[in-house]
Amino acid sequence: MSGLIGLSNNVLFAVKLAIRRYMLTFGFAFWLWAFLFARIPLAVIQDLVGLDSRPFVLINLISVGIAAFIIFDKGLATHRVLLSRWMLIGVGAFVGFWLIYLLRLLFDSYIIPIEFFQSSFALVKSFVNTTLVPIVCLPLILSVSPNRYSLDLCVGLGSLSVLSGEIAYVTRPVVDRLFDTRFSFEDLNPIPAGYSSASLVILGILILFLGRHYLQRSDAFWCRTNAIFAILVGLWGIQLSQTRSAFLSIIPMFIFCLYALWLARRELGWLFSGGLALFIALCAPLVVGLLGRGISSDPSVVGRLILIKESFHLIIQHPFLGTGFQSQGLLKSVAEPLPLWYPHNLFLETYLIGGLFLLLLLLMFISIVLKQGSICLRSHDFQDHDSLMLSAVFFLWVQAFIHSLFSGHLALIPGFWVGGMIVIILGSQKLSVQYD
């Protein structure tokens with residue numbers, strides 16, 4: 001009996017060590033996959049089986065699970081970088097922004113009650129589910145450096161996720177696809193489908209062009225093959241989704257990668273020109289297809305242009321304090337019959353809700369993210385995995401920033417807020433290492 005007890009204890013101890021090793025090694029990669037790509041296979045499962053697609057529930061469960069595991073394993077002590085100056089300024093800008101947002105929401109709900117098109121409870125719920133929970137867990141999730149295979153794993157899982165959605169979409173009955181002419185399912189909008197595809201392209205381009213340390217690995221061929229496959233799958237996803245802004249979001253990444261490669265090896269200047277020509281050749285059908293939809297006749301585009309015009313008109317009338325959440329009804333009245341109640345622009349909605357002061361906090365947050373993210377970009381330092389990971393997250397944030405200029409409201413653009421906080425934390429960690 002004692003022998004069996006001892007054997008079971010050894011097995012449990014071995015399992016615990018294995019879980020600890022894989023959790024600390026690949027926990028961030030799995031979390032990043034869930035944040036960027038999990039919504040596509042979940043939507044496919046819902047379409048095929050009928051199970052509810054809950055991508056944000058999955059992200060929150062993974063966030064809390066990883067954070068709880070790290071607390072159990074390492075305690076509450078997190079990286080000392082949380083006390084750095086830029087970290088405190090970035091967190092202060094984020095907290096100040098949302099404190100004013102919630103105070104204005106409370107004021108408009110109970111002090112001078114207005115008619116909400118999207119209820120205050122729904123707005124708070126969106127913010128908590130999509131943004132607050134992951135950000136609270138981020139310091140613990142990022143307290144362990146990602147493994148050198150983290151990006152490979154994330155890209156590989158992302159390729160399988162996006163490809164599963166593409167195959168499920170193109171193999172649907174023709175009658176069903178007549179109603180969903182863009183890459184989408186019941187619980188997957190074409191816009192997030194397009195941005196998940198664009199994220200895959202961004203990560204693939206980054207590994208392919210800037211991951212120089214991959215060349216020194218024995219599995220360099222498979223790493224590059226993984227990256228090329230991700231780019232092709234992602235471009236197909238963007239084309240199926242017909243999301244213009246998703247295509248625009250990958251252009252800065254590609255141009256910078258070619259430029260950095262050219263600076264690093266000037267004798268390969270021909271590669272810059274050849275790569276740019278190849279990119280244009282691959283994307284030309286995509287551009288023609290997207291523009292062929294007819295911008296001027298697209299009711300969504302026309303409605304958003306009307307909202308932008310009306311937002312500027314309201315800002316001129318209330319230049320300091322904004323209109324608060326009364327803007328919902330004002331914008332909805334001019335956008336009829338389309339169900340549009342926010343301007344689909346980060347800056348315009350910020351100015352409308354909180355006026356000039358809220359806009360200044362937003363600009364402060366953006367400036368801190370740009371400063372932290374430019375650490376690797378200024379030095380063209382992509383020799384180690386940590387630098388490459390910081391660059392990857394920064395360009396994913398740039399993608400989310402472009403997304404926020406064309407779609408989504410303040411409480412439902414988690415890529416912008418969560419991605420920005422990741423850049424601030426990783427950038428502060430890199431600075432602390434440099435100055436140690």
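**Group meeting: a walk through the model**

Hi everyone, let's start on the surface, where L99, L103, L106, F107, Y110, I111 and I112 form a nonpolar patch with about 740 Å² of accessible area together. Patch members have over 30% relative accessible area and no salt bridge, with nonpolar side chains (Val, Leu, Ile, Met, Phe, Trp, Tyr) joined within 5 Å and like charges within 9 Å; areas are Shrake-Rupley with a 1.4 Å probe, and for residues only the protein chains shown count as cover.

This is a predicted model, so to speak of local features we need pLDDT of at least 70, and side-chain atom pairs count only at pLDDT 80 or more, while totals for chains, interfaces and linings use all residues. Residues are numbered from 1 along each chain as its sequence is written, and side-chain values use heavy atoms, leaving out hydrogens and water.

Helices here are DSSP runs (H or I, at least four residues; strands are E, at least two), numbered from the N terminus.

Next, salt bridges, meaning a side-chain nitrogen of Lys or Arg within 4 Å of a carboxyl oxygen of Asp or Glu. The whole structure has three. One of them joins the side chains of D47 and R172, at 4.0 Å, N to O. D47 is in helix α2 (residues 39–49) and R172 in the loop between α6 and α7 (174–179), so this pair ties together parts 125 residues apart in sequence.

Finally, backbone angles. Most residues other than glycine have a negative phi. Yet Q242 has a positive phi, near 55°, and sits in the loop between α9 (220–241) and α10 (244–264). H344 has a positive phi too, near 60°, in the loop between α13 (327–335) and α14 (346–379). Thanks, everyone!
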